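Please study the structure before reading each solution.

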Amino acid sequence: MSWRTYETREHPDDLPRVHKDEATAWRYASRTGHEVWEVIEYGQNAGERFLGQG
């Protein structure tokens with residue numbers, strides 16, 4: 001089992017802004033031009049994945 005969160009960041013090393021779901025993250029990113037990241041907290045696939053830029 002894994003826990004997924006979606007974050008937006010202005011730059012890859014910037015502090016993230018956490019969103020409740022992927023759609024909300026993409027709406028925010030489309031208004032601000034920030035990057036969207038999927039973060040998997042637990043399990044063998046734990047890590048971060050860059051989804052794109054708004």
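**Exercise 1.** Determine whether threonine 5 is buried or exposed, and state which residues threonine 5 is in contact with.

*Solution.* Step 1: threonine 5 has a relative accessible area of 14%. Step 2: buried means under 20% relative accessible area, exposed over 50%, and partly exposed in between (1.4 Å probe, protein chains only). Threonine 5 is therefore buried. Step 3: threonine 5 belongs to strand S1 (residues 4-9); helices (H or I, at least four residues) and strands (E, at least two) are DSSP runs, numbered from the N terminus. Step 4: leaving aside neighbours within four places in sequence, threonine 5 is in contact (heavy atoms within 4.5 Å) with Val18, Trp37, Glu38, Val39 and Glu41.

The model is predicted: local features need pLDDT of at least 70, side-chain atom pairs count only at pLDDT 80 or more, and totals for chains, interfaces and linings use all residues. Residues are numbered from 1 along each chain as its sequence is written, and side-chain values use heavy atoms, with hydrogens and water left out.

**Exercise 2.** Identify the buried residues of helix H1 (residues 22-32) and state what covers them.

*Solution.* Step 1: Thr24, Ala25, Tyr28 and Ala29 are the buried residues of H1. Step 2: these residues lie on the same side of H1, because their arc around the axis is only 130°; the arc is that of the directions from the helix axis to the C-beta atoms. Step 3: the exposed residues Ser30 and Arg31 are on the other side of H1. Step 4: the cover over the buried residues of H1 includes S1, S2 and strand S3 (35-40).
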